[in-house]
Amino acid sequence: MKKIISRILIAALLIVPSAAYADGISVFINGNKLSSDTEPFIENDRTLVPMRAIFEALGANVIWDGETHTVFAVRGNDLISIQTEQKNAFVNSEERELDVPAKIVNDRTFVPLRFISEALGCTVDWDGSSQTVTITETAPEN
């Protein structure tokens, strides 16, 4: 019986840190933490973030078409359109394939962070040990 209890305790100690580790992905844009009332999450090794939060933090104007579930974002000369549950998006009329489609979760639209950031000319770095995304923004073209 002592062996069983010891094994359960050891297993519990190993599980607790990984559960705490899984909490919260931090996103920083030019050193500033992205704020949102909804947390980012990982799906198929891709970080998805609330659509409006990431676009506005990157200086884009956002238009949501609720009928087609399509978001349009404009920053400078860049136009991005992305429809939920679709594997393709458009950047300045050029069709691009997404690793993970945008999706609606709890009445919020989430978009793939790396795709959106890079489409707007930013660089993206991921630190898996701290679950931190660092986005470095470039000045938009006018």
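The model is predicted: local features need pLDDT of at least 70 and side-chain atom pairs count only at pLDDT 80 or more, while totals for chains, interfaces and linings use all residues. Residues are numbered from 1 along each chain as its sequence is written, and side-chain values use heavy atoms, with hydrogens and water left out.

**Overall picture**

- The protein chain has 3 helices and 13 strands; helices (H or I, at least four residues) and strands (E, at least two) are DSSP runs, numbered from the N terminus.
- Of its 142 residues, 35% count as buried, where buried means under 20% relative accessible area, exposed over 50%, and partly exposed in between (1.4 Å probe, protein chains only).
- The accessible surface of the protein chain comes to about 8,700 Å², and 52% of that belongs to carbon and sulfur atoms; accessible areas come from the Shrake-Rupley method with a 1.4 Å probe, and for residues only the protein chains shown count as cover.
- Among contacts between residues at least 6 apart in sequence, 42% join residues at least 24 apart; contact means heavy atoms within 4.5 Å.

**The core**

- The largest nonpolar core has 30 residues, and Ile-54, Phe-55, Ile-116 and Ile-135 have the most contacts inside it.
- Strand 1 (26–29), helix 2 (51–57), strand 6 (70–75), strand 7, strand 8 (88–91), helix 3 (113–119) and strand 13 (132–136) each supply at least two residues of this core.
- A nonpolar core is a set of buried Ala, Val, Leu, Ile, Met, Phe, Trp, Tyr and Cys residues joined through side-chain atoms within 4.5 Å.
- Leaving aside neighbours within four places in sequence, Ile-116 touches Ile-54, Phe-55, Ile-80, Ile-82 and Val-111.

- Ser-81 sits in strand 7 (residues 78–83) and is buried, with a relative accessible area of 15%.
- Beyond four places in sequence, the contacts of Ser-81 are Thr-70, Val-71, Phe-72, Ala-89 and Phe-90.
- Ile-42 belongs to strand 3 (residues 41–43) and is partly exposed at 39% relative accessible area.

**Positive phi in loops**

- Most residues other than glycine have a negative phi.
- Asn-44, not a glycine, has a positive phi of about 50°; Asn-44 lies in the loop between strand 3 and strand 4 (46–50) and is exposed at 62% relative accessibility.
- His-69 also has a positive phi, near 55°; His-69 is in the loop between strand 5 (61–65) and strand 6, and is partly exposed at 33%.
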